[in-house]
Amino acid sequence: MAPPAHRRTGTNKKAQMGLFAGYVVAGLGALFGVALLTISLLRPETFNGLRAMAADVASPAGEAGAAGRTGSQSFFEAIAGYYRAGSRNAQLEREVEIARIRLAEAEALRQENARLKAVLGLDFGDTEPVAVARLIGSTSSSMRRIGYISAGRSAGVTPGMPVVSPTGLVGRVLETGARSSRVLLLTDSESMVPVRRATDNTVAFAEGRSDGSLRLRLVNLGINPIKPGDVFVTSGAGGLFRPNIAVAVAREITRDGAIAQLLSNPAATDVVVVEPIWQRPAVEALASTPASTAEGEVPEG
Amino acid sequence: METLHPKARRDPFGSKINRTHSPILAYGLPWLSIMLGSLTPWLPVIAPAPVLPPLGFMMLLAWRLLRPGLLPLWAGLPLGLFDDLYSGQPLGSGVLLFSLTLIAIELLEIRFPWRTFWLDWLTAAAILIVYLPVAAVISGAGAGIVQLRVIVPQLVLSVVLFPVVARIVAQLDRLRLMRVRRIS
């Protein structure tokens, strides 16, 4: 379609000025964008309030959608059940998968028990969940992997809390609104979780790669002991995540670790549990030390 | 006396008698539909990797290419800001990229005043090919081989889906011009 005639200004001075003003305003808009971008890259926490407010406004619709997602899934599964036994098979497979993860976690627990038997008087206590929430949505087209959950400050959620699904760790709370929170998913490139192999004490860091997989980097370099299929669980280092939450399973070996597949695929996750920060006093002490990072995930020596 | 056919005074946009366009619908619908496109993160699709096309941005492109002059040149500022609130990008990236896109199309239009759909698609594809990698770089996720590999499927999907988005916008454009306001 041809551009409208009013933009061919001719000798009309007023129209010329109007067109010029349009360019100036658009250019100023772009400059404003540069300024905002600089601020938000240098100080990412500046606009938290604004985003949290926006998320609160949109979250009821997202929640309805999330309910619809699970509702429609079960609805179609019920219909499919009449036509093919395959759906039943898929369900069983899912259960077996969860059982396998549970087994790995139990094995990790047994290991942990044996390791901690010697340490007397150390009481971990039970981790009482802070809130149970729905995973509403996630960034869809941006490189950053950030999810939204349907629980916020009013439910007692604070930034830094781990978000866990039945199949493993999902991420940690980044910003909280009144009724919704933004969650840094494990696959985000800013996410880094201290992990260990479920069967022994091979410690590593799991970094997000923004493509749905994690990169495991061994802390102790040397001979790489990881084999494909090894399950990794949180080690508890850093104090943010409690130990022995399933994280990932190694897929291919690299020079300094492995590429690992996420165990709790957020796409298949509906309900998540927000857990308290495991060692809150330690994390807060770290965060208040000016030399340390704000994330509170300083590797222990 | 012969009577007129009952549809004689109607056209696809409704009755031509006693009805006129609603300014709210005619000028509000483009903004509303672009903002709805920006709300894709609230769709019940949770992606472990960036796979969905940037629908808000594509809606903006489609409206701008279909109806030059309908969106003001400064529309990138508010629409980009809204997109930033939900997209997960650092705040300001949408403001910058949306504004630059509108200016770029404006300049392109001076060069090619009359365009066909194929040229529109080519324009949109070229802009998307620049937009997605730049957005990935300024998202702070780091730019490497891995990130590049992630973008390519998204890029192909966006370019292929553009005609569909343009079609949706064309339908919305018909809705936009419906005569719904009653003149008393």
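Select chain B and follow its elements from the N terminus: they run β-β-β-α-α-α-α-α-α-β. That comes to six helices and four strands. Helices here are DSSP runs of H or I with at least four residues, strands are runs of E with at least two, and both are numbered from the N terminus. The model is predicted: local features need pLDDT of at least 70, side-chain atom pairs count only at pLDDT 80 or more, and totals for chains, interfaces and linings use all residues. Residues are numbered from 1 along each chain as its sequence is written, while chains are lettered from A and ligands numbered from 1 in the order in which they are written.

Keep the whole chain in view. The C-alpha trace of chain B spans about 80 × 40 × 25 Å along its principal axes. Of its 184 residues, 43% are buried. Buried means 20 or more other C-beta atoms within 10 Å of the residue's own, with C-beta atoms placed from the backbone.

Now select residues 23-38 of chain B, which form helix 1.

Show the side chains where they meet. Helix 1 of chain B brings L25(B), A26(B), L29(B) and S33(B), and helix 6 of chain B brings L172(B), L175(B) and R176(B). Contact means C-beta atoms, placed from the backbone, within 7 Å.

**S38(B)**

Stay on helix 1 of chain B and pick S38(B). Is S38(B) buried or exposed? S38(B) counts as buried because it has 27 C-beta neighbours inside 10 Å. Leaving out residues up to four places away in sequence, S38(B) touches G56(B), F82(B), D83(B), Y86(B) and S87(B). Next, pick G80(B). G80(B) is 42 residues from S38(B) in sequence, yet their C-alpha atoms are 9.0 Å apart.

**Chain A meets chain B**

Last, show both chains. The contact takes 53 residues from chain A and 55 residues from chain B. On the side of chain A that touches chain B, helix 1 (13-42), helix 2 (48-83), strand 1 (131-138) and strand 2 (146-149) of chain A each give two or more residues. Helix 1 of chain A gives the most, with 14 residues.

Technical notes: A residue is buried if 20 or more other C-beta atoms lie within 10 Å of its own, exposed if 12 or fewer, and partly exposed in between; C-beta atoms are placed from the backbone. Two residues are in contact if their C-beta atoms, placed from the backbone, lie within 7 Å.
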